[in-house]
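Q: I'd like a close look at one part of this model, please. Take me through it in plain words.
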Number of protein chains: 2
Amino acid sequence: MTFEVLILGSNSAIPTLKRHPSSQLVLFDQMPYLIDCGEGTQLQLRRYKQKFQKIRQIFISHLHGDHYYGLPGLITSMHLLGREKPLSLFGPKGIKEILDVNFKHSRTKLRYPLEIIELEEEQRYIYEDERIKVRTLLLEHRVPTFGYVFEEQKRELRVNKVAIEKYHLSLKEILDVKAGKPVFRNETQIDQSELTLEEQPLRSYAYCSDTGFKPDLAQSIGNVNLLYHEATFMEDMKKRASETLHSTAKQAAEIAKLSGAEKLIIGHFSTRYEELDGLLDEARRVFENTEIAAEGESFRI
Amino acid sequence: MTFEVLILGSNSAIPTLKRHPSSQLVLFDQMPYLIDCGEGTQLQLRRYKQKFQKIRQIFISHLHGDHYYGLPGLITSMHLLGREKPLSLFGPKGIKEILDVNFKHSRTKLRYPLEIIELEEEQRYIYEDERIKVRTLLLEHRVPTFGYVFEEQKRELRVNKVAIEKYHLSLKEILDVKAGKPVFRNETQIDQSELTLEEQPLRSYAYCSDTGFKPDLAQSIGNVNLLYHEATFMEDMKKRASETLHSTAKQAAEIAKLSGAEKLIIGHFSTRYEELDGLLDEARRVFENTEIAAEGESFRI
């Protein structure tokens, strides 16, 4: 099953024609989960050919506009396009009031059930389905801000090719093996360990935007496969980063190193950086396996 | 002095990659006045190279999202970019509450004075400066909705070329004539009527979106030079237009004809129309001088 992250926008604060504000789509086995929803996210979803009616869960990190100003528009478009499927929205306290006030004045009564879950300020599991579970991280910012960790629930079993040949497994039997169901020969169940390869470790993805440098955070993140960490500034702006509770590229890399992440992607860039190479170089000097979370890029886990 | 209207978006309801929701910039002598502010307006302003910090007045027609979802983002970007100049915002009751709730949760204290003028539901002058004055129209929609008429305050005097040659007017004297100041020869004031051409009539522009067909409206609009009137549907969808309090292209043209407008531009198109030729043809059969309010197009009055 594929597990990937599509970047829809990764600029901080001010949208530009080249860089949109924060939004990402986590795609697990092609099911989309949206994280953050800056202004223009519904158009970014269209641009990258993602069907937004397939989204069932939205996770908002915090109530600064560059992370949610696209939310009323996306929710309204889902409504106008005839959605009936429910939608769950996770985010900080206040998100319900913001939507309610908008819909009160537009006299909008949504055609579909919108469940809004306002989060307590604690680190805990907040969501699960058969594919993934999601837990929160407490970030260090000027308003209550959540990180999110997406964890795979269970890995699909891999069928051992040797067993396929040895037992002449039919297609149905192969699917049974993958689903963990028993397969028989001469009324005897074939041992599961002979049919399948060793289980692979469960995959995970952590999203951390926006946050001041907080070494403790690394432990809460854990050794995820992929970490998105904000890198609003470069190290020469460390003081400004600290004052505004943002991080530098170097600090993002330090968190990646401390947490034991396999790979780091950095984003939430200040508009002052027209070119992003400097940020990337700075992070790579501390944590080599780093990439820019450029919009339109997809990161496979 | 130039008086023109730049279309930033003219789609209804749902933004698409090709057509943005409602927003227009009225440019009078290069001073920009913004009307409506659908999601993405700040990017449309960038796309068409308009400096949004120059805007001093914003006029919102009504509180459906496709006419104001870009407003919190624009106001926030003005703030983040260090604006100090005041901004006046005109719109229906409720617009203040919407902005207040957003800024409360983001803990934003704007660096510049934002004056919000919530309008009474009556037709009257609401704004004037040395260039223009603006009056409201009451439109027929599902929530309180205002049209806006922009009227030129006074026309620049045009200097008669014959007089320039006859009196060998200097550049300073020409500017004096334009400003209505006296010019002398041999201590005698030259007669103003000899120096200037006949005064031209004052120009005006009316914006009407969204509205059901309301023949009375024509009289309130008056014989403007340019009329923007919504044309969400074509005549075969007349019933749906009437139910949703929108207009057809034919109805828009009828209002233009009744009002005595010189020219009509139609917009606020339903997303169902990929091509707009049908709407244009329908309107032109009733009112020939009609154009599509295509985004990026500028209409000079």
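At roughly what angle do the axes of H3(A) and helix H3 of chain B cross?

A: They cross at roughly 175°, and the two axes come within 9 Å. Axes here are lines fitted to C-alpha atoms, for helices over the stretch in contact, with angles running from 0 to 180 degrees between N-to-C directions. That makes H3(A) roughly antiparallel to H3(B), a label for angles over 145 degrees. Helices are DSSP runs (H or I, at least four residues), numbered from the N terminus.

As for who touches whom, H3(A) brings Glu97(A), Ile98(A), Val101(A), Asn102(A) and His105(A), while H3(B) brings Glu97(B), Ile98(B), Val101(B), Asn102(B) and His105(B). Being in contact means that C-beta atoms, placed from the backbone, lie within 7 Å. Sorted by class, this helix pairing has four nonpolar, four polar and two charged residues. Ala, Val, Leu, Ile, Met, Phe, Trp, Tyr, Cys and Pro count as nonpolar, Asp, Glu, Lys and Arg as charged, and the others, Gly among them, as polar.

Zooming out, the whole contact takes 32 residues from chain A and 32 residues from chain B. On the chain A side, helix H1 (41–47), helix H2 (71–80) and helix H3 (95–105) each give two or more residues.

Keep in mind that this is a predicted model, where local features need pLDDT of at least 70 and side-chain atom pairs pLDDT 80 or more, while totals for chains, interfaces and linings use all residues. Residues are numbered from 1 along each chain as its sequence is written, and chains are lettered from A and ligands numbered from 1 in the order in which they are written. The predictor gives the complex an ipTM of 0.91 and a pTM of 0.91.

Methods
Two residues are in contact if their C-beta atoms, placed from the backbone, lie within 7 Å. Angles under 35 degrees count as roughly parallel, over 145 as roughly antiparallel, 65 to 115 as roughly perpendicular and the rest as oblique.
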